[in-house]
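Dear colleague,

I am passing on the structure below, together with some notes on what I found when going through it. Please read the notes with the structure open beside them.

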Amino acid sequence: SETRKRHDRAGRGGEGDLRGCNPLVQTQRSRLQNHRARINQQINKEMRIRTGAENLFRATTNHRVKETVALELSYVNSNLQLLKEELEELNSSMDVYQNDSEGISVPMIPLGLKETKDLDLAAPLREMISEHYGEDSASYEVEIKKLTDLRQAIRTPSRNEAGLDLLMEYYNQLYFLDIRFFSPNKNLGVFFHWYDSLTGVPSHQRTLAFEKGSVLFNIGALYTQIGARRDRGTRTGIDCAIEAFQRAAGAFNYLKENFSNAPSLDMSMASLSMLVRLMTAQVQECVFEQLTLAGTPREPLSQMRLAQEAARVEDVYSLVYQTMAQPPVRDYVPFSWTTMVNVKAKHFRGLSHYYAAIALCDGPADSEISKYEKAFIQFHVTAPEGPSLPVLLQDSEERRKLGKAKAHLRKAMMNHEEALRLHAVCRILRKMDLLQEVVSLAHRRSLAKYSEIDHEDDFFETAEAPDVHPKTHQKPEIKTPSFSQVKVTDIFHRLGPLSVFSAKSQWRLKGPTRLTRGEGGFGFTLRGDSPVLIAAVIPGGRAEAAGLKEGDYIVSVNGEPCKWGKHSEVVALLTGVGEEGVDIQVVTPLREESLGLVTLNLRRDWGTATLSSVGLLRSDKENGGQATLPGPLLGWNKKAKRGQGPQRLQPFSLSTDNTPASH
C-alpha cells in the first residue's frame, strides 16, 4: 500500500518521512492529549515536592519543623488527589474518540496514549560512536537527528494506519539501537521517562525494555482509539472495529506475556489482563452488532441466535466488571469505565431476554416443530418450568402465558431499568446522552412488546424466566501486531554489519597498513561478505609481515569503506592495485583470552559466524542491512519463577528467551 511505501522511504531517510501529527493543531483529540501532558507534569512536580517533604519529615528531629512539613504533605496530597480526579475525568472523555456518524451505536472505551519526556540521545550516542566504534561522531549527525526526530514523532501519532506504522517503525528501530549502543558491560547513561496512562505517575528507567514496552502499550492504545472511531453502522465499519480491538488485545497480551517488572501500574499484569478482557468484550459486542445491522429478524431461530449472542456479550462484560472491581485495579481504573462496563452487562442481559421473548412469541410453524425442538432444548441455562417442550412449541397461547415470553420481557425491562439507574449514578456517564438513549430505546421496546402480549384476563403471574445460554458464532481472536509488515533499515547502518559491529562485541582497529604484492600475491585468503574475512594468512607472506592475522575483517581499502562490501568487490579493489601497494584497514576481534570474559563466539567457518545477540546475520548479508523484523525483536531475561515476586527495584525487562527471531 501507499502507506507502507511511504514508511519504507521513512526508514531509509527519504523525502516521504511521516513525522506524526502537528501538536499545535488544536483538534479535540490533540487538546485532550495536551491536557493530559499538563496534568502529568503537575503530578510529577507534586510528587517531587512530596518526596522532598517526606525525606525532611524523616530526617528532622525538630517538632515544629515536623508539624510544618506534615501540613505541607497534607496540602500536597490534596493537590495530588485533585489531579488524579482530573486525570480520571480526562480518561473518561470517551466521546472525543467516538465516530461522527448520525447512527445510534453504543460508545466504546478507548485508552489515552502514554506521555513521555524529551530525550537527549545525541551526547551518549556520539560518545559511543567515538569510543567504541572508533569513528568520527560528527559524521553521524544526520543519523542521530533522524533517530531523534523519529522519537519525537511517535509522541503524536496520527489516529490511523500511518500512526500505527510510525510507532511500529520506531519499535523496530529499537532492535538495532539495542544491539548497536546498549552494552551489558557499560551503561549508556540515558533515562527513559514515561507517564502512567491511568494515574499520571511518572516512571523512569535506564533499560531499553521500558521504552519498548511503553511504545507497545501506545500501539495497543492507538488501536483502541481507531476501533472506537469506526462507524459501526456499516458492515465494513464493524469489521474494521473488530480488527482494531483484536489488535489492541494482541498488543496488551504480548506486553503481558513478554515483559515483566513494570514500573507503572498501567503496564502491570493485573492492568494488562483487564485490558485484554475489555478489548475482547468490545469485539464480542461488535459481533452482536453485525447480526442486528439489518434490523430484528422475523425467523425464530435467528431471534434465538441473537438472544444467545447478547447473553455472550453480557457474560464477557460481567467478567470485565469483576476484574475491574477487584484490587488493585479498582484503585486506579476510572469509575466511569467500571460503571459503563456494568451498564453494558445489564443492557445486553436485558437484550438476551427480549430476543428470547419474541422468539417464543413468534414460534415455529407446525411443519417445523421438530427442527426447533433441539434448538429450544439448548436455549436456556436451566430447563424452564411448565408444560413439556412439544406442548410449548405447538401452542402459541402456552408460549405466551406459560412459555416464559412475559417472564423474559419482565426480566428484560428490569435489567434495562437497572442499567439506566447505574448510568444515572455516574456523573461522567450522565453526560453521555448516546448511551442513555440506546438503553432507553431498548427498555421502551421491551415495554411495548410486554403491553402487546399482556391480556386483561391473565390473572396469574408467570414463573421466573431462566437465563439464556450464552453462545457465539465468532469468538474474538487475540492478534499480535504485525511488526514484520513495517520494513525498516538500521539508521546507523554505516557502522557496519551487526554480526561484527555491535555494542556487545569487542575488537581492535589496525591500520591503515601498507601492503604490497609479492611473488605469491598478498599472502592471504579471503572469504565471505559484509565484511570480508581474512580466512588464512600464508606463513612468510606479505600479509603476515604487515601484521595481518587470520580472523581479521577488512573494513577499508585505500580509504574506501568496505564493511558492507561483497567478496567480489573487495577482491576487485585489491587486484586493481599496482606496484605501489594498497592501504588496508582491518579490525581484529578480541576473544575470551584477550578480554578476560566471553563476548564473542566466532567460528572460522563464515557460514557459522555468530554473536550471542545477533539474529540478522543472513538479512544483513542478503538485504544490505534492511530487515523485516517479526516477533520479539530482542531477547531479554526470563521471568522470575512463579511464587518469587519481582524485586521492587528490578528493572523492567522483556522476558522472552535471548533468541532472536529467525527468517
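In what follows, a residue is called buried when its relative accessible area is under 20%, exposed when it is over 50%, and partly exposed in between, computed with a 1.4 Å probe on protein chains only. The model is predicted, and therefore local features need pLDDT of at least 70 and side-chain atom pairs count only at pLDDT 80 or more, whereas totals for chains, interfaces and linings use all residues. Residues are numbered from 1 along each chain as its sequence is written, and side-chain values use heavy atoms, with hydrogens and water left out. Helices (H or I, at least four residues) and strands (E, at least two) are DSSP runs numbered from the N terminus.

I begin with the aromatic residues. A pair of aromatic rings is described by the distance of the centres and the angle of the planes. Rings of Phe, Tyr and Trp (for Trp, the six-membered ring) are taken as a pair if their centres lie within 6.5 Å, and the pair is stacked if the planes are under 30 degrees apart, edge-to-face if over 60, and tilted for the rest. By this rule there are 14 aromatic pairs. The rings of Y171 and F483 make a stacked pair, because their centres are 4.7 Å apart and their planes are at 15 degrees. This pair links distant parts of the chain, 312 residues apart, with Y171 in helix 6 (residues 161-181) and F483 in the loop between helix 16 (433-453) and strand 4 (488-489). Y171 and F483 are both buried. Y175 and F176, by contrast, form an edge-to-face pair, with 5.3 Å from centre to centre and 80 degrees between the planes. Y175 has a relative accessible area of 4% and is therefore buried, and F176, with 1%, is buried as well. Elsewhere, ring pairs link Y133, F181, F492, F501 and W507 into a cluster.

Two rings also have a charge over them, which is counted if NZ of Lys or CZ of Arg is within 6 Å of the ring centre and within 35 degrees of the ring normal. The charged end of K66 sits over the ring of F57, 4.1 Å from the ring centre, and the charged end of R494 sits over the ring of Y140, also 4.1 Å from the centre.

Helix 9 (residues 269-291) contains V283 and T280. V283 is buried, because its relative accessibility is 1%, and T280 counts as buried at 18%. Contact here means heavy atoms within 4.5 Å. With neighbours within four places in sequence left aside, V283 is in contact with I242, F245, Q246 and P476, while T280 is in contact with A249, P476 and I478. From C-alpha to C-alpha, V283 and A249 are 9.5 Å apart in space, and they are 34 residues apart in sequence.

Turning to the strands, I count two strands as paired if DSSP finds at least two bridges between them. Strand 10 (residues 582-589) is largely enclosed by the rest of the structure, because seven of its eight residues are buried. Strand 10 pairs in the antiparallel sense with strand 5 (residues 507-515) over seven bridges, and V587 in strand 10 is the bridge partner of L509. Strand 8 (residues 553-557) also pairs with strand 10 in the antiparallel sense, over four bridges, and here S556 stands opposite Q585 of strand 10.

Finally, some points of the backbone deserve a look. Most residues other than glycine have a negative phi, and most peptide bonds are trans. The peptide bond from G511 to P512 is cis, with omega near 10 degrees, and P512 lies in strand 5. A cis peptide bond also joins S530 and P531, with omega about -5 degrees, and P531 lies in the loop between strand 6 (524-527) and strand 7 (532-537). S530, found in the loop between strand 6 and strand 7, has a positive phi of about 45 degrees although it is not a glycine, and with a relative accessible area of 2% S530 is buried. N261 is not a glycine either, yet has a positive phi of about 60 degrees. N261 is placed in the loop between strand 3 (259-260) and helix 9, and counts as buried at 17% relative accessibility.

With best regards
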